[in-house]
Amino acid sequence: MAVADWNQKLSFYQLNGRQVGKDRHLGYDPGCLRWYPGGEYLLIGGSNKEVGLYTKEGIYLTKIVDMGAWAWCVDVFPSQNYIIAGSHDGSIKVTQLKLQHGTRSVQRPIRV
């Protein structure tokens, strides 16, 4: 289980409540967190006005969506690798994410 809190940290726990690994400092207040299908990556957004891609250990990899306002929700449509994110200003952004092992992600904005 991953927990992001307004102390700007990301923590991981087993279901019995025992912490796994160390806390990771985010540097912003998180507003949303979602596991990417397969459990290898996390999507986290918030007061940094973006949705970022993180490893399952909490290491930041890259920005996925630039929101322009606080990111409050994020979800994944796995069959097409779409990332859907909503922000404080009411905007919704859809991005297609293609992950390639050993390389950086490729994002393509989708017009809705």
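S87 is buried, at a relative accessible area of 9% (buried means under 20%, exposed over 50% and partly exposed in between, with a 1.4 Å probe and protein chains only). The model is predicted, so local features need pLDDT of at least 70 and side-chain atom pairs count only at pLDDT 80 or more, while totals for chains, interfaces and linings use all residues. Residues are numbered from 1 along each chain as its sequence is written, and side-chain values use heavy atoms, with hydrogens and water left out.

**Whole chain**

- The chain has zero helices and 11 strands; both are DSSP runs numbered from the N terminus, helices being H or I of at least four residues and strands E of at least two.
- Of its 112 residues, 36% count as buried.
- The accessible surface comes to about 6700 Å², and 52% of that belongs to carbon and sulfur atoms (areas come from the Shrake-Rupley method with a 1.4 Å probe; for residues, only the protein chains shown count as cover).
- Among contacts between residues at least 6 apart in sequence, 26% join residues at least 24 apart, where contact means heavy atoms within 4.5 Å.

**Nonpolar cores**

- The largest nonpolar core holds 14 residues, of which L43, V51, I64, V74 and I83 touch the most other members; such a core is a set of buried Ala, Val, Leu, Ile, Met, Phe, Trp, Tyr and Cys residues joined through side-chain atoms within 4.5 Å.
- Strands β6, β7 (60-66), β8 and β9 each give two or more residues to this core.
- Strand β8 supplies the largest share, three residues.
- A second, separate core has eight residues, including L26, Y28, L42 and Y54.
- In soluble globular proteins, nonpolar side chains tend to be buried together.

**S87 in strand β9**

- S87 belongs to strand β9, which covers residues 82-87.
- The side chains of S87 and S91 are joined by a polar contact of 2.8 Å. A polar contact is a pair of N or O atoms within 3.5 Å; within protein, one must be able to donate a hydrogen and the other to accept it, and residues adjacent in sequence count only if both atoms are side-chain atoms.
- Not counting residues up to four places away in sequence, S87 touches M67, A69, W70, A71 and W72.

**L53 in strand β6**

- L53 lies in strand β6 (residues 50-55) and is buried, with a relative accessible area of 2%.
- Leaving aside neighbours within four places in sequence, the contacts of L53 include Y41, L42, L43, I59 and L99.
- L53 and K63 are 10 residues apart along the chain, and their C-alpha atoms are separated by 6.2 Å.

**Loop residues with positive phi**

- Most residues other than glycine have a negative phi.
- Q8, in the loop between β1 and β2 (9-13), has a phi near 65 degrees and is partly exposed at 23% relative accessible area.
- N81, in the loop between β8 (71-77) and β9, has a phi near 60 degrees and is partly exposed at 29% relative accessible area.

**Surface patch**

- M1, V3 and L15 form a nonpolar surface patch with about 340 Å² of accessible area together.
- Patches are made of residues with over 30% relative accessible area and no salt bridge, with like charges joined within 9 Å and nonpolar side chains (Val, Leu, Ile, Met, Phe, Trp, Tyr) within 5 Å; a salt bridge is a side-chain nitrogen of Lys or Arg within 4 Å of a carboxyl oxygen of Asp or Glu.
- V3 sits in strand β1 (residues 2-5) and counts as partly exposed, at 32% relative accessibility.
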